[in-house]
Amino acid sequence: MKIALATKNQGKIKEIRSILEGLSVELVSLEELSIEELPPEDGGTFEENALKKARFVAQKSGLPAMADDSGLEVDALDGRPGVYSARYGGTTDKERYLKLLEELKDIPEPKRTARFRCVIALVTPEGEEKTFEGVLEGRITRRPRGKYGFGYDPVFYLPDKGKTLAEMRPEEKNLVSHRARALEKLRAYLSTHPHLT
Ligand code: IMP
């Protein structure tokens with residue numbers, strides 16, 4: 001069975017392929033489907049944004065489609081940047097995480113809690129819809145650390161590991177990440193719903 005993948009991000013495509021390996025699913029890219037544009041991520045929640053993209057691609061392609069949306073929720077900022085993580089100010093990842101550190105400069109350690117959240121939506125052309133959520137809890141550091149990853153990884157600290165996400169190699173991050181956790185749920189669902197695969 002084929003599933004269309006509603007993302008243009010090559011890194012995500014690679015991660016999704018590797019986690020879903022072993023299932024009899026053929027992931028079809030937007031490129032292969034000649035779909036050039038996705039709808040804007042203007043929903044108020046990760047779930048709405050993921051569903052919106054998956055519905056669009058399911059309708060266009062006639063295949064079941066999956067899409068994800070993710071971001072960082074900082075407790076001291078009442079959950080911001082949240083769905084606006086990619087547009088939180090600045091044009092580069094570095095500008096964005098420095099802005100975050102600046103906003104949090106007076107916040108003491110115990111209140112620097114945050115989480116990455118990822119929602120994956122699976123939508124069939126017939127309109128069947130399902131979402132899967134993965135969460136990774138951590139804390140915002142005072143200074144960036146590490147050279148791997150992207151986005152807010154250098155300032156997201158995992159107390160259990162004693163490292164930021166940017167100090168973890170991709171293989172290590174992919175064992176614990178919010179996206180990997182949501183994908184594991186999707187994988188479990190697909191393996192018990194063979195009509196989709
Ligand atoms: P999207 O899911 O591609 O829309 O990503 C939203 C934004 O959330 C990204 O541009 C990053 O700023 C942030 N983000 C999502 N996942 C991660 C992650 O694993 N590490 C660091 N930043 C992330």
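1. Start with the ligand: it sits in the largest pocket. Keep in mind as you look around that this is a predicted model.

2. Who is around the ligand? There are 15 residues around it, and those that come nearest are Lys12, Ser70, Asp153, Lys173 and Arg179. Sorted by class, the shell has 6 charged residues, 5 polar ones and 4 nonpolar ones.

3. E3 has the largest share, with 3 residues.

4. Now for individual polar atoms. Aspartate 153 has a polar side-chain atom 2.6 Å from a nitrogen atom of the ligand. Histidine 178 also points us to a ligand nitrogen, with an N or O atom of its side chain at 3.1 Å. As for cover, the ligand taken alone exposes 490 Å², and the protein buries 89% of that.

5. Stay on strand E3 for a moment, as aspartate 68 is placed there too. Is aspartate 68 buried or exposed? Its relative accessible area is 5%, so it counts as buried.

6. Follow the chain out of E3 and you get to the loop between E3 and helix H3 (93–103), where proline 81 is found. What kind of peptide bond joins arginine 80 and proline 81? The bond is cis, with omega at about -5°. That deserves a second look, because most peptide bonds are trans.

7. The loop between E3 and H3 also holds aspartate 78. Its phi is near 55°, which is positive, and the residue is not a glycine. Aspartate 78 has a relative accessible area of 77%, so it is exposed.

8. Another positive phi turns up at serine 34, at about 55°, and again the residue is not a glycine. You can find serine 34 in the loop between strand E2 (26–28) and helix H2 (46–61). Its relative accessibility is 60%, and because the cut-off for exposed is over 50%, serine 34 belongs in that group. I flag such values because most residues other than glycine have a negative phi.

9. Lysine 8 is in the loop between strand E1 (2–5) and helix H1 (10–19). How does it score for accessibility? At 46%, lysine 8 is partly exposed. Glutamate 36 is 28 residues from lysine 8 in sequence, while their C-alpha atoms are 9.0 Å apart in space.

10. Last stop: threonine 141, in the loop between strand E5 (129–140) and strand E6 (156–158). Although it is a loop residue, threonine 141 has a relative accessible area of 11%, so it is buried.

Definitions and conventions
Residues are numbered from 1 along each chain as its sequence is written. This is a predicted model: local features need pLDDT of at least 70, side-chain atom pairs count only at pLDDT 80 or more; totals for chains, interfaces and linings use all residues. Side-chain values use heavy atoms; hydrogens and water are left out. A residue is near a molecule or strand if one of its heavy atoms lies within 4 Å of it. A polar contact is a pair of N or O atoms within 3.5 Å; within protein, one must be able to donate a hydrogen and the other to accept it, and residues adjacent in sequence count only if both atoms are side-chain atoms. Accessible areas come from the Shrake-Rupley method with a 1.4 Å probe; for residues, only the protein chains shown count as cover. On a 1 Å grid over the protein atoms alone, a cavity is a set of points where a 1.4 Å probe fits but cannot get out, and a pocket is an open set with protein on both sides within 12 Å along at least five of seven lines; lining residues have an atom within 4 Å of a point. A molecule sits in a cavity or pocket if more than half of its atoms lie within 2 Å of its grid points. Helices (H or I, at least four residues) and strands (E, at least two) are DSSP runs, numbered from the N terminus. Ala, Val, Leu, Ile, Met, Phe, Trp, Tyr, Cys and Pro count as nonpolar, Asp, Glu, Lys and Arg as charged, and the others, Gly among them, as polar. Buried means under 20% relative accessible area, exposed over 50%, partly exposed in between (1.4 Å probe, protein chains only).
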